[in-house]
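Here is a short briefing on one protein model. Look over the sequence and the fold first, then read on.

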Amino acid sequence: MNRCVDMEDPSSSFASVTAYLSAMSKTHSRLKQRMAASWTPSEEMNEVRSRSGAEMRRKLKWYDLIAMGMGGMLGAGIFVTTGTAAKSFAGPSIVLAYIVAGISALLSAFCYTEFAVEMPVAGGAFSYLRITFGEFAAFFTGANLLMEYVLSNAAVARSFTAYFSAIFGVAAWRIEVTAIHSKYNMLDFPAVALLIIITIFLCYSTKDSSIFNMVMTIAHVLFILFIIVAGFVKGDVKNFTTPGHPSSEGGFFPYGVRGVLNGAAIVYFSYIGYDAVSTLAEEVEEPVKKNIPIGVSGSVAIVSVLYCLMAASMSMLVPYDMIDADASYPMAFKKVGWDWAAKIVSVGASLGIFTSLLVAMLGQARYLCVIGRSNVIPYWFAKVNPSTGTPINATVFLGVVTSAISLFTDLEILLNMISIGTLFVFYMVANALIFRRHVVRKISSPWPTLVFLVLFSGSAIGFVTFWNLNRNDLWWGLVFFGVLCVLLTMIFWWKVPQAHKPADWGAPLMPWLAAVSIFLNVFLLGSVDWQSYRRFGLWSIVVVIFYVVYSVHASFDAESNRSRLLLAGKAGDLELQDHHHQQQAVKSKLQLVHGEQQQVVLQVCPGDQS
């Protein structure tokens, strides 16, 4: 029986109003049954993946992944966050802030890589959490990540209009409609056009998109190298320690070590984008255990070096207290008399925005496709087009939603609503990796690992709370919670053995690496503004309601159908076995009769024995 066809049939819970009301009355028992339900990596790679019908085509190599990772990260972030972080938080030590942020990103990349090598499917973090913490945790986290993707892509598309218009020396090409609310009345049709073009391109071919992204990324890197070289040639090393105004604090650390860490929390968002590479694991050629680690970790390492050099270049061009927070690089060149370089920077930023959008929209469609395979959203999103090998339904749907938001919504509103979901996903993946390494269901108890994860996260939150209070007399709180994090990890590492070790590629220094990643992500989450937490809370409520009224019932129906199919398969196997046994019995009787006939012949004609 074809399971893919079966998945398309109307589920019993939604067959009629009466059936749905009956299903809702059983919500409590179904929640208990489905919320923690998990799948094995083998089931995710075979049975779950087969629900999309056609398979995604494996055509990507390690250099495609590096280009995709770089394209996803080298977007508008570096041009937007560096100025604010350097001027108001870190000063010239912004270079160190990028190093700290790069280390945090690399740790998260290692966590992603181990999962992606063991389970090369398009689901990324959703699939990793589903095999560890179960269905609800995966859906809750994946839904928040999807919202971050859509909002951030809309924001980046609107910023493209501003940078692209600056190339021609004109104001952003937007149309004002006075009848609409002031925060939604600047219609951005260039942003919509850009998103539609990228959506069409992504529907056609992942490999062709990868080649185009590689060309665009190479061009963007050349612009970045121009910024770096020009900064080192035109800049002055004294700007690393001497401010522009005598009243400003001097030295390489004008805001102290705290300033470096606060700056790292801001510039970390320039690294967001490498996680989209893990969603391409299903389209990576063999050997996966080589291509994925090189692609994911390599892209983060290269981008970290470029970011540090760009930050150093800007710090050399102008003193930190004279940096323009809104347009740091163009204004830095203008202040040293290179007005023409400002337009080159705008061209480079436009290319970076295009490539980051390409990779992000590629990743978001694959997240939605795999969430559709799990039946917690309509199965329509899971379909893969057999001729192109791409999830066209998911790609078009998200392209339309992102375009609609980018058309109306002001950039300031969008920027206040992004980032927290991505950090939350990175935090959850690091937790999931520790759980995966130390817990094998029905063999080892999950409670020691769960207790450690809760206590460690609580200690990290305690450290961040004291840090954000910013009081010198509360230094003891930082020491207490910092030491507690180390002791908890040491005890866990000593007392709780690993129950699962990766066969091909594993993150080194476990559980220390994942624990540091958890701590850094909690620290960065502590720097997110309250408006983002408000958005996170409201959207999370919507996600939970959707899970209760739809997802849990659709998932329950799908699992019931699966169980019936398995039972039908077992019944068929039993029938085949019975038929085989009957054939064997008939064959044995025939052999027995044939033997008896031979004995009779021998007795009647004894002379023929010779």
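How many residues does helix 5 have, and how far does helix 5 reach from its first C-alpha to its last? Helix 5 (residues 62-73) has 12 residues and reaches 17 Å, close to the 16 Å expected at 1.5 Å a residue. The expected span is 1.5 Å times one less than the number of residues. Helices are DSSP runs (H or I, at least four residues), numbered from the N terminus.

This is a predicted model: local features need pLDDT of at least 70, side-chain atom pairs count only at pLDDT 80 or more, and totals for chains, interfaces and linings use all residues. Residues are numbered from 1 along each chain as its sequence is written, and side-chain values use heavy atoms, with hydrogens and water left out.

**Helix 5**
- Helix 5 is mostly covered, with 10 of its 12 residues buried (under 20% relative accessible area with a 1.4 Å probe, protein chains only; exposed is over 50%, and partly exposed lies in between).
- Among the buried residues are D64, L65 and M73.

**Nonpolar core**
- The largest nonpolar core has 166 residues (buried Ala, Val, Leu, Ile, Met, Phe, Trp, Tyr and Cys joined through side-chain atoms within 4.5 Å).
- Helix 16 (residues 339-373) gives the most to this core, with 18 residues.
- Y98 is one of the residues that touch the most other members.
- Leaving aside neighbours within four places in sequence, Y98 is in contact (heavy atoms within 4.5 Å) with residues including I78, V267 and Y307.

**Two single residues**
- T402 sits in helix 17 (residues 392-408) and is buried, because its relative accessible area is 0%.
- F480 lies in helix 21 (residues 475-495) and is partly exposed, because its relative accessible area is 47%.

Definitions and conventions
Helix = DSSP H or I, 4+ residues; strand = E, 2+ residues; numbered from the N terminus.
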